[in-house]
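Visitor: Please show me the structure, and then let us go through it by question and answer.

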Amino acid sequence: MGVNDIQRVGVVGSGLMGHGIALAFAMGGYPVTMCDLDDERLLRAMRDASATATLFVEEGLITAEEAEAAIGRLLTTTDLAELAATSDFITEAIVERSEDKRALFNKLDELCPPHTIIVSNTSSLVLSDFGSDVKRQDRIAGDALLRATGDRARR
Ligand SMILES: NC(=O)c1ccc[n+]([C@@H]2O[C@H](COP(=O)([O-])OP(=O)(O)OC[C@H]3O[C@@H](n4cnc5c(N)ncnc54)[C@H](O)[C@@H]3O)[C@@H](O)[C@H]2O)c1
């Protein structure tokens, strides 16, 4: 599957990073489903995404119409199976704990169709900390060590 085959994006964890990642994909034209543990967190994520989009408008980065369209592309669910069934590319942005990320990666591996790509927004872990049980080893990514190495190489 190539990048042009990605039709729908999923974001698991809708906190500080998750709502921003979801908004970035939505501004890029993708329908995005955010998943979190309860509706209250998802409501907050929608409010935060709207506030960020409004800020972008005020800063002249996007038009009001583009902001409205992006927010209109955001959906929410507490049902991981629903997100898994409808997303071609999933980013997780849940808490930075390897056991939580391992459980989530294994669950998504089980629930998602074979083509789905699953990536992590981890800031300090490496993929082998939580991704080693996943069967689709060619369709997972996210590695703070690689990012740090790349950052050093660019300096
Ligand atoms: N905050 C930053 O500046 C920053 C920068 C880079 C990377 N990161 C990484 O991004 C990830 C998220 O960080 P954050 O700051 O957004 O955290 P956060 O605490 O703001 O958000 C985490 C969200 O994940 C949800 N969550 C937890 N377990 C879940 C599960 N099993 N299923 C669904 N939702 C679940 C929580 O309810 C919460 O809404 C972490 O891995 C972190 O290391 C954070």
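Visitor: Which residue in S2 does Val-11 stand opposite?
Guide: Residues are numbered from 1 along each chain as its sequence is written, and side-chain values use heavy atoms, without hydrogens or water. This is a predicted model, where local features need pLDDT of at least 70, side-chain atom pairs count only at pLDDT 80 or more, and totals for chains, interfaces and linings use all residues. Strands are DSSP runs (E, at least two residues) and helices likewise (H or I, at least four), numbered from the N terminus; two strands pair if DSSP finds at least two bridges between them. Strand S1 (residues 9–12) runs parallel to S2, with four bridges joining them, and the residue opposite Val-11 is Met-34.

Visitor: In S3, what is the bridge partner of Met-34?
Guide: Strand S3 (residues 74–77) is parallel to S2 and joined to S2 by four bridges. The partner of Met-34 there is Thr-76.

Visitor: Are Val-32 and Met-34 buried or exposed?
Guide: Buried means under 20% relative accessible area, exposed over 50%, and partly exposed in between (1.4 Å probe, protein chains only). Both faces of S2 (residues 32–35) are covered, with Thr-33 and Cys-35 buried on one side.
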